[in-house]
Amino acid sequence: MRKLLFFASDFRIGLSSLLTDQIIALKQAGVDVIGVAGTNEQEPGLGDILKSEGVNIERVPGLDEHNDFKRLVSEIIRIVIDDNIECIHVQNNWQLAIASAVRLRLFFKRRFKIVYTIHGFRHNSPAKAIIARFLIGSALHLVADHVICMTTYLKKNFLLLSYKIKLIRLGIKDDYFIDSFIKPTTQGLNIVFPAQFRIGKNQDLLLRSFANYINLTGDDKALLTLPGTGELLDKMKKLATELGISSQVIFPGFVSKDEIKRLYLNCNLAVITSNSETFGQSIVEPYVLGRCIASTPVGIAPEIINDNSGFIFSNESELTEILVKLSKNKDLLISYGENNFANKDQFRWGAITAEYIEKILR
């Protein structure tokens, strides 16, 4: 098994919660892994969690600010040589450029494989998406040994790289795998959609559908919770007021993963209105916790949502119809949730890490 250098942070975010979970899972599976990250953290205490799990993490100042490229390359060269790295796993194009420069500098001294996980490609703009796919695809064709796609939806956008692509899903935090199914309330629809307030997440579609639903059913117990921050937050608050539903819509701002889990357990329906998702944690997390899902056909949704687990919709009217249907058939909220809960183990990090080891590190 190859010794792995795993980039565990991202642009402007620093050490991320998702990548922290992944590197811990790799360590627990017996992988000889070293993490590298900038000095920031998405949530306070992530570095301490890695330390408590025995994960060695190299902090490289400036890694996530995308400057001083030459110094960053030298830092990674030092780590590769000192720790006899045989495989580097990067998460974005900046990290790919660094790894490529390291490979070039060490070409006659040390060989290692480069692994790249595709997390995004400007998919909210059709024109930019075409350009991004071409540029990313060309770079990966030249320098990556393995390309990880998390869904078949994502793989279809990079068909020319199919000879390098490995389909490997992302996992969900162990804390989300509760022992027994918690039956959701059926006293009014209680909907949650955590996401950044930016173009492509379409909280306005959800707000309008929710308003339509209330006008059609008079459900005064219905509640919509929209956690997150972003440039469109104030605009969505204003829209909720204009639609006359502000008393039934909550905007809690940024919330931790633990708080999102609590929100999911208190809700009976998770709705995802995104234009696109490379994977879709907001789809999988409520699925694992045993909640009914209604989603646009993005990310992992078409692979796990069926007639026994939830709904796929494409526009405001279709979502409104789903909400009205659920208000008349509230037992579906329970039966769909139970079916999802029964199939949760496919998203455990243990099984996913075993697949990673077999496809990437052997």
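**Exercise 1. Charges over rings**

Find which ring Lys344 lies over, and at what distance from the ring centre.

*Solution.* Start with the lysine: Lys344 lies over the face of Phe341, with 4.0 Å to the ring centre. Keep in mind that we are working with a predicted model. The charged end of Arg111 sits over the ring of Phe107, 4.3 Å from its centre.

**Exercise 2. A pair of neighbouring rings**

Count the aromatic pairs, then classify the pair formed by Phe107 and Phe108.

*Solution.* Begin with the count: there are seven aromatic pairs, using a limit of 6.5 Å between ring centres. One of them joins Phe107 and Phe108, with 5.1 Å from centre to centre and 90° between the planes. Planes over 60 degrees apart count as edge-to-face, and that is the label this pair receives.

Phe108 has a relative accessible area of 81%, so Phe108 is exposed.

**Exercise 3. A pair across the sequence**

Work out the geometry of the Phe279 and Phe347 pair, and say which parts of the chain the pair ties together.

*Solution.* First, the geometry: the ring centres of Phe279 and Phe347 are 6.4 Å apart and the planes meet at 70°, so this pair is edge-to-face.

Second, the location. Phe279 belongs to the loop between strand S13 (269-272) and helix H10 (281-288), while Phe347 belongs to the loop between helix H13 (331-342) and helix H14 (349-361). The pair therefore ties together parts that lie 68 residues apart in sequence.

Finally, follow the ring pairs onward, and you will find Phe279, Tyr287 and Phe347 linked into a cluster.

**Exercise 4. The whole fold**

Compare the radius of gyration of the protein with that of a compact globule, and describe the fold around that value.

*Solution.* List the elements to begin with: the protein has 14 helices and 15 strands. For 362 residues, a compact globule would have a radius of gyration near 21 Å; the protein has 21 Å, so the value agrees. Along the principal axes, the C-alpha atoms fill a box of roughly 70 × 45 × 40 Å.

Then check the interior. Of the 362 residues, 54% count as buried. Among contacts with a separation of 6 or more, 72% come from residues 24 or more positions apart.

Note on methods
Residues are numbered from 1 along each chain as its sequence is written. This is a predicted model: local features need pLDDT of at least 70, side-chain atom pairs count only at pLDDT 80 or more; totals for chains, interfaces and linings use all residues. Side-chain values use heavy atoms; hydrogens and water are left out. Rings of Phe, Tyr and Trp (its six-membered ring) pair if their centres lie within 6.5 Å; planes under 30 degrees apart count as stacked, over 60 as edge-to-face and the rest as tilted. Buried means under 20% relative accessible area, exposed over 50%, partly exposed in between (1.4 Å probe, protein chains only). Helices (H or I, at least four residues) and strands (E, at least two) are DSSP runs, numbered from the N terminus. A charge sits over a ring if NZ of Lys or CZ of Arg is within 6 Å of the ring centre and within 35 degrees of the ring normal. The radius of gyration is taken over C-alpha atoms; the globule rule is 2.2 Å times the number of residues to the power 0.38. Contact means heavy atoms within 4.5 Å.
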